[in-house]
Amino acid sequence: ELGVEVRSAQRLMRYPHAYPDRVVWLDMWIVTDWRGEPGSLDGQALKWVQPAMLDGEDILEADRPIVAALMQRA
């Protein structure tokens with residue numbers, strides 16, 4: 001989705017989120033080395049935000065556990 005080649009990463013978490021009509025699995029990785037310039041390849045908005053500032057962003061409910069995990073690491 002970002003158009004980069006990941007060279008080094010460690011899984012932070014993987015968990016299911018239930019919507020009324022389906023369950024999706026979310027997979028979060030901490031990428032420490034990559035090649036290329038990140039960009040929005042699927043047309044979605046892209047914005048870099050410090051972990052401490054994520055709580056003020058419009059975050060999907062399914063992504064709240066990711067935000068909590070990132071804030072614990074900060």
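## The largest pocket

In this predicted model, the largest pocket is lined by 29 residues, and those nearest its centre are Leu2, Met28, Leu46, Lys47 and Trp48. A pocket here is an open set of points on a 1 Å grid over the protein atoms alone, where a 1.4 Å probe fits, with protein on both sides within 12 Å along at least five of seven lines; lining residues have an atom within 4 Å of a point. The space in this pocket is about 1,500 Å³, where a volume is the space filled by probe spheres set on the points.

Two or more lining residues come from each of β2 and α1, and β2 gives the most, with 7 residues. By class, the lining holds 21 nonpolar, 2 polar and 6 charged residues. Ala, Val, Leu, Ile, Met, Phe, Trp, Tyr, Cys and Pro count as nonpolar, Asp, Glu, Lys and Arg as charged, and the others, Gly among them, as polar.

## Basis of the values

Residues are numbered from 1 along each chain as its sequence is written. The model is predicted, with local features needing pLDDT of at least 70 and side-chain atom pairs counting only at pLDDT 80 or more, while totals for chains, interfaces and linings use all residues; side-chain values use heavy atoms, and hydrogens and water are left out.

## Overall layout

The chain has 1 helix and 2 strands, in the order β-β-α from the N terminus. Helices (H or I, at least four residues) and strands (E, at least two) are DSSP runs, numbered from the N terminus. The C-alpha trace spans about 35 × 30 × 25 Å along its principal axes.

Of the 74 residues, 19% count as buried. Buried means under 20% relative accessible area, exposed over 50%, and partly exposed in between (1.4 Å probe, protein chains only). Among contacts (heavy atoms within 4.5 Å) with a separation of 6 or more, 52% join residues 24 or more positions apart.

Met13, Tyr15, Leu26, Met28, Ile30, Leu54, Ile59, Ala62, Ile66, Val67, Ala69 and Leu70 form the largest nonpolar core, which has 12 residues. Such a core is a set of buried Ala, Val, Leu, Ile, Met, Phe, Trp, Tyr and Cys residues joined through side-chain atoms within 4.5 Å. The elements giving two or more residues to this core are β1 (5-18), β2 (23-35) and α1 (64-73); α1 gives the most, with 4 residues.

The buried residues Ile66, Val67, Ala69 and Leu70 belong to α1. They lie on the same side of α1 because they cover an arc of only 165° around the axis, taken from the directions from the helix axis to the C-beta atoms. The cover over the buried residues of α1 includes β1 and β2. Glutamine 72 is also in α1, but counts as exposed because its relative accessibility is 71%. Its C-alpha atom is 9.0 Å from that of proline 51, 21 residues away along the chain.

## Contacts of the strands

Serine 8, in strand β1, counts as partly exposed at 32% relative accessibility. Leaving aside neighbours within four places in sequence, serine 8 is in contact with Ile30, Val31, Thr32 and Asp33.

Not counting residues up to four places away in sequence, histidine 17 touches Arg22, Val23, Val24, Leu26, Glu61 and Ala62.
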